[in-house]
Every structure is written in structure tokens, then in C-alpha cells.
Amino acid sequence: DASDIEKGTYPFYMLKEIDEQPTVMRKLTQEYRDDHGKVNIDLNLVNEMADSDRIYIVACGTSYNAGWAAKSLIETVTQIPVEVQLSSEFGYNMPLLSKKPFFIFLTQSGETADSRQVLVQINQLGFPSLTITNVAGSTLSREAKYTLLLHAGPEIAVASTKAYTAQIAMLAILTQAIGERNKTNTSFDAFYELSIAAAGMEAMVDEKERLSSLVEQYLSTTRNAFYIGRGNDYHVASEAALKLKEISYVQAEGFAAGELKHGTIALIEEGTPVLGIITDAKTGPHTRGNLKEVESRGANTIVIASEDLAREDDQVILPKVHPLLTSLVAVVPTQLIAYYVSMQRGYDVDKPRNLAKSVTVE
Ligand code: G6P
């Protein structure tokens with residue numbers, strides 16, 4: 001309940017929750033690590049998931065974006081294919097399922113009706129399910145076969161921030177257990193990498209002043225904006241754009257950088273902000289090429305790049321983390337950008353119009 005949680009000196013819960021993210025990473029590690037440094041998760045869950053031939057992640061909104069952000073991580077470490085699905089689509093248009101599917105419901109609140117109606121169907125079909133949620137005892141937690149809690153503390157702001165990063169971290173830890181069980185994991189050490197990521201997130205939340213002035217310079221009056229990236233950077237771009245839409249009412253789109261030229265580039269005008277996310281050495285040069293294309297059509301480009309790939313005039317530099325966990329650090333400046341756009345325009349950051357924290361109607 002919001003009244004029980006103090007905002008302290010924070011003007012809005014959202015800023016507090018953005019700041020809490022490094023602590024949430026460390027808390028999760030404590031919760032799921034045993035005294036020998038091994039993953040401490042129900043073995044029945046680990047075995048059942050490890051024996052599946054396909055993992056289906058079902059979710060809505062920011063949780064859906066978290067599913068995408070974790071897909072390549074899960075696939076790399078477990079060698080099990082992952083599908084990420086929108087609850088509201090999957091429930092009514094279920095694709096042909098694999099022989100031994102395993103279902104993961106990502107839901108901050110544990111109450112989202114769209115996701116619950118899929119879980120009801122999955123239970124009827126007799127397939128195993130796991131709910132990853134921030135709320136103990138929530139409906140989706142009670143009705144799924146297994147539950148993992150995010151331990152992120154109550155998330156009060158309607159726009160989700162710490163639940164997104166906690167979901168990715170939780171999936172990293174779970175993935176580690178599957179990878180060990182199936183001997184598919186060669187080098188990824190979730191607890192170590194999450195501690196590096198937590199430090200990186202800490203550095204990013206300290207960039208508030210810089211991000212606030214970046215917003216003043218490029219985003220103070222814009223009606224639209226684009227985030228672009230490839231691979232995991234594309235998935236962060238989707239979440240970054242959602243955040244801008246939700247709380248600052250800027251019409252924003254997250255785009256696969258290479259796809260921009262196949263249509264969306266028609267929307268670029270003089271002064272349109274295009275934010276490029278670059279954390280992958282393989283695709284970074286291509287995304288830079290796409291930024292050049294929009295720049296020559298008048299766009300104001302802003303580059304968010306990890307330090308090993310950054311160039312001198314890039315505006316936001318991300319600390320280097322494991323390539324499968326870059327979303328954890330890359331998302332933080334985008335959360336802060338959305339926050340400052342909303343705040344500078346005088347909106348109620350925590351309670352955007354038309355939105356509810358948990359949506360219990362289909
Ligand atoms: C609502 C919220 C979103 C959230 C989505 C899914 O629409 O406004 O911020 O991402 O529901 O919520 P869940 O609790 O299932 O993660």
C-alpha cells in the first residue's frame with residue numbers, strides 16, 4: 001500500500017524505484033544463492049524446466065519487454081529455444097505448441113487478467129508453469145505450479161522500472177541453474193555478472209543531472225521520438241519507448257535499427273529525436289550507420305553506448321557488463337530520460353493518465 005512506503009526526499013516514487021535497482025539486484029542474489037555460491041531454487045522446478053523442449057514466456061507491457069530482454073540469455077545458457085508472447089494474443093490465438101513446453105508468466109503484480117486467462121488454459125492442458133512475480137500470494141502465483149518472487153519491494157509508480165530489471169535478473173539466476181543441470185553452460189556466472197551489472201546500474205543512476213540536461217536540450221518539447229537498436233539493444237529500445245509513451249505522452253517507437261529505412265524513416269523530420277542504443281560490437285557499427293541516415297534527414301541523434309564501443313561525442317556512456325546482461329544497464333538512462341521528460345513537462349510522473357498499475361480486466 002502506497003501510504004506505508006515513504007518517498008523520503010524523492011519527489012516521485014518512480015525516481016526512488018529507479019534508484020533502488022542496484023540494491024534489488026543484490027537482494028535477489030542473496031535470496032537465491034546458497035552458502036556454497038550455488039543457485040538455491042526448488043529442484044523440481046529446475047528439473048522440469050531443464051527437461052522441456054521449449055520455453056514460452058507469456059506477459060504484458062513492461063514484463064513482456066523483460067521477457068524479450070532475457071530471451072537470448074536463456075537460449076545461450078540453456079540451449080532451449082524461447083518464445084516470448086503477449087498474453088492478450090496468445091490466449092486467443094495459441095500457436096502450435098512443442099511436445100514438452102514449459103510456461104513462464106512474468107508479471108509484476110501477479111494479477112494481470114490477460115496473463116491469468118492464459119494460465120487457466122495452460123493448467124487445463126496440463127503443462128507446467130512458473131509465475132515470476134513481485135507479489136507473494138497473488139493470483140498468478142497461487143495458480144501456477146511454481147513461483148519465484150522478485151523481492152524488489154513494492155513498486156508504486158505506475159510505470160514499471162525495478163520490476164523489469166528484477167525479472168531479467170531472476171531469469172539469469174534461473175537460467176544458471178538450468179545450464180548447470182543440463183551442462184549446457186560453459187562460462188556464464190549469474191551471481192558474478194549480476195554484481196558487475198549492479199555496480200554498472202549504480203553508476204547510471206548517478207547520471208541524473210546529465211540526463212536531465214540532455215532531456216532539456218533534445219526532448220523538452222518534442223511530440224515524437226524514436227529509440228533504435230539491434231538484438232538486445234532493440235528490446236531495450238522497445239521498453240525505453242514504452243516508458244516515454246506511458247509517462248510523458250511523447251509518441252515514441254522502439255525500432256530494430258535496420259528496419260527503420262523500410263518505412264519508419266518517412267517520419268523523420270527536422271529535430272526529431274532518435275536515440276540509438278549500442279552495446280554489441282557486432283551490430284554497433286550498423287546502428288551507427290542507421291543513425292547517420294536519420295541525421296542526414298534532420299534528426300537529432302543521441303547515442304547511448306557501452307564504454308568499450310563509445311565514441312568521443314556519444315552522449316551517454318554505459319559501464320561494460322556481460323554481453324547477455326547489457327539491458328540491465330542500458331535501460332536505466334532510458335528510465336531516467338522518460339522520468340525527466342514527464343517531470344519537466346509538469347506531469348504527475350507516478351500516475352499517468354489512462355493507466356492503472358495492475359489491469360484486472362481483459
Ligand atoms: C499494466 C501496467 C504496466 C505493466 C502491465 C503488466 O498495464 O500499467 O506497467 O507492465 O500492466 O503488468 P504485470 O503486473 O503483469 O507485470
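**The sheets and their helices**

Analyst: An open sheet of five strands, paired in parallel, runs in the order S2-S1-S3-S4-S5. Strand S2 (82-86) and strand S5 (146-149) stand at its edges with a single partner strand each, so one side of each has no neighbour in the sheet. Neighbouring strands of this sheet are turned by 20 degrees against each other on average, direction ignored. This is a predicted model, in which local features need pLDDT of at least 70 and side-chain atom pairs count only at pLDDT 80 or more, while totals for chains, interfaces and linings use all residues. Residues are numbered from 1 along each chain as its sequence is written.

User: What counts as a strand, a helix or a pair here?

Analyst: Helices (H or I, at least four residues) and strands (E, at least two) are DSSP runs, numbered from the N terminus. Two strands pair if DSSP finds at least two bridges between them.

User: How many bridges join S1 to S2?

Analyst: Five bridges join these two strands, which run parallel. Ile55 stands opposite Val82 in S2.

User: Which strands does H6 touch?

Analyst: H6 packs on the sheet against S1, S3 and S4, and its direction makes about 155 degrees with that of S3. Axes are lines fitted to C-alpha atoms, for helices over the stretch in contact, and angles run from 0 to 180 degrees between N-to-C directions. Two residues are in contact if their C-beta atoms, placed from the backbone, lie within 7 Å.

User: Which residues of H6 are buried?

Analyst: They are Asp114, Ser115, Arg116, Val118, Leu119 and Ile122. A residue is buried if 20 or more other C-beta atoms lie within 10 Å of its own, exposed if 12 or fewer, and partly exposed in between, with C-beta atoms placed from the backbone. The buried residues of H6 pack against strand S1 (54-59), helix H5 (87-90), strand S3 (101-107), strand S4 (129-133) and helix H7 (139-143).

User: What about the length of H6, and what follows the helix?

Analyst: The 13 residues of helix H6 (residues 113-125) should span 18 Å at 1.5 Å a residue, and the end C-alpha atoms are 19 Å apart, which agrees. The expected span is 1.5 Å times one less than the number of residues in the helix. Just after H6, Gly126 has a positive phi of about 85 degrees.

User: Back to S5 for a moment. Why does Thr147 count as buried?

Analyst: Thr147, which lies in strand S5, counts as buried because it has 21 C-beta neighbours inside 10 Å. Leaving aside neighbours within four places in sequence, Thr147 is in contact with Thr131, Thr133 and Ser141.

User: Now the other sheet. What is the strand order in the sheet that contains S7?

Analyst: Five strands form an open sheet in the order S7-S6-S8-S9-S10, with parallel pairing. Its edge strands, strand S7 (251-256) and strand S10 (316-318), each pair on one side only. Six bridges join strand S8 (residues 273-278) to strand S9 (residues 300-306), and the two run parallel. In S9, Ile302 is the bridge partner of Leu275, and Ile304 stands opposite Ile277. Six of the seven residues of S9 are buried.

User: Which strands do H11 and H12 lie across?

Analyst: H11 lies across strand S6 (224-229), S7 and S8, at about 175 degrees to S7. Helix H12 (residues 284-295) lies across S6, S8 and S9, at about 170 degrees to S8. H11 is mostly covered, with 16 of its 17 residues buried. Just after H11, Tyr249 takes a positive phi of about 60 degrees.

User: And the chain overall?

Analyst: The chain has 13 helices and ten strands. For 362 residues, a compact globule would have a radius of gyration near 21 Å, and the chain's 20 Å agrees. That radius is taken over C-alpha atoms, and the globule rule is 2.2 Å times the number of residues to the power 0.38. Buried residues make up 52% of the 362 residues.

User: How confident is the prediction?

Analyst: The chain averages a pLDDT of 96, and 99% of the residues score at least 70. pLDDT is the predictor's confidence in each residue, from 0 to 100. The model scores ipTM 0.98 and pTM 0.97.
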